[in-house]
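Hi,

Here is the structure I said I would pass on.

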Amino acid sequence: SQVLFLAPGDYRLAVKGKAEGVDNERGFWWQVSCPDGTVLGATDRLSGTTPWAELDADFRVPATGCTTQTLRLSLAARVPIDPEMRQSCWRFSI
């Protein structure tokens, strides 16, 4: 994860990524969120084995209540045991 200090306004998160043998059916994704956990934007999910793909998400930082943001690569888990992942995911550019 990475803490961001974005001014209020409209943004686009654009990444390139791929998955190798990710057996969690919900996969993983990039999310931008506020400190209170409000998700501002999220890319599509990657799972299984995929070639390099361009993923993006448009989002808006509100004028109040979100002075910092967190960019995080997350496994889309349904239950606490799901986050155990032994496969590979790759990210080259943000």
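Below is what turned up, going from the salt bridges to the rings and then to a loop.

Before you start, this is a predicted model, where local features need pLDDT of at least 70, side-chain atom pairs count only at pLDDT 80 or more, and totals for chains, interfaces and linings use all residues. Residues are numbered from 1 along each chain as its sequence is written, and side-chain values use heavy atoms, with hydrogens and water left out.

Salt bridges first. Side chains of opposite charge can pair when their charged atoms come close. A search of the whole structure finds 4 salt bridges, each one being a side-chain nitrogen of Lys or Arg within 4 Å of a carboxyl oxygen of Asp or Glu. One of them joins the side chains of Asp56 and Arg12, at 3.3 Å from N to O. Asp56 sits in strand 5 and Arg12 in strand 2, so this pair ties together parts that are 44 residues apart in sequence. (Strands here are DSSP runs of E, at least two residues, and helices are runs of H or I, at least four, numbered from the N terminus.)

Arg12 also meets the side chain of Asp58 in a salt bridge, at 2.7 Å from N to O. That pair links distant parts of the chain too, with Asp58 in strand 5 and Arg12 in strand 2, 46 residues apart.

How open are these residues? Arg12 is exposed, because its relative accessible area is 53%, while Asp56 counts as partly exposed at 41%. For the cut-offs, buried means under 20% relative accessible area, exposed means over 50%, and partly exposed is in between (1.4 Å probe, protein chains only).

Another salt bridge is between Lys18 and Glu20, whose closest N and O atoms are 3.2 Å apart. Lys18 is buried, with a relative accessible area of 18%, whereas Glu20 is partly exposed at 33%. As for shared partners, Arg12, Asp56 and Asp58 are joined into one network by their salt bridges.

Now the rings. The structure holds 1 aromatic pair. Its rings belong to Tyr11 and Phe59, with centres 5.7 Å apart and planes at 20 degrees, so the pair is stacked. Tyr11 lies in strand 2 (residues 9-20) and Phe59 in strand 5, so the pair ties together parts 48 residues apart in sequence. The rule is that rings of Phe, Tyr and Trp (its six-membered ring) pair if their centres lie within 6.5 Å; planes under 30 degrees apart count as stacked, over 60 as edge-to-face and the rest as tilted. Phe59 is buried at 8% relative accessible area, and Tyr11 is partly exposed at 26%.

There is also a charge over a ring: Arg45 lies over the face of Trp29, at 4.1 Å from the ring centre. That calls for NZ of Lys or CZ of Arg within 6 Å of the ring centre and within 35 degrees of the ring normal.

Last, the loop between strand 4 (39-42) and strand 5 (53-61), where you will find Asp44. Thr43 lies in that loop as well. Which of these is buried and which exposed? Thr43 is buried, at 3% relative accessibility, and Asp44 is exposed, at 58%. Leaving aside residues up to four places away in sequence, Thr43 touches Leu13, Val15, Trp29, Trp30, Leu55, Asp56 and Ala57, and Asp44 touches Phe28, Trp29 and Leu55. Contact means heavy atoms within 4.5 Å.

Cheers
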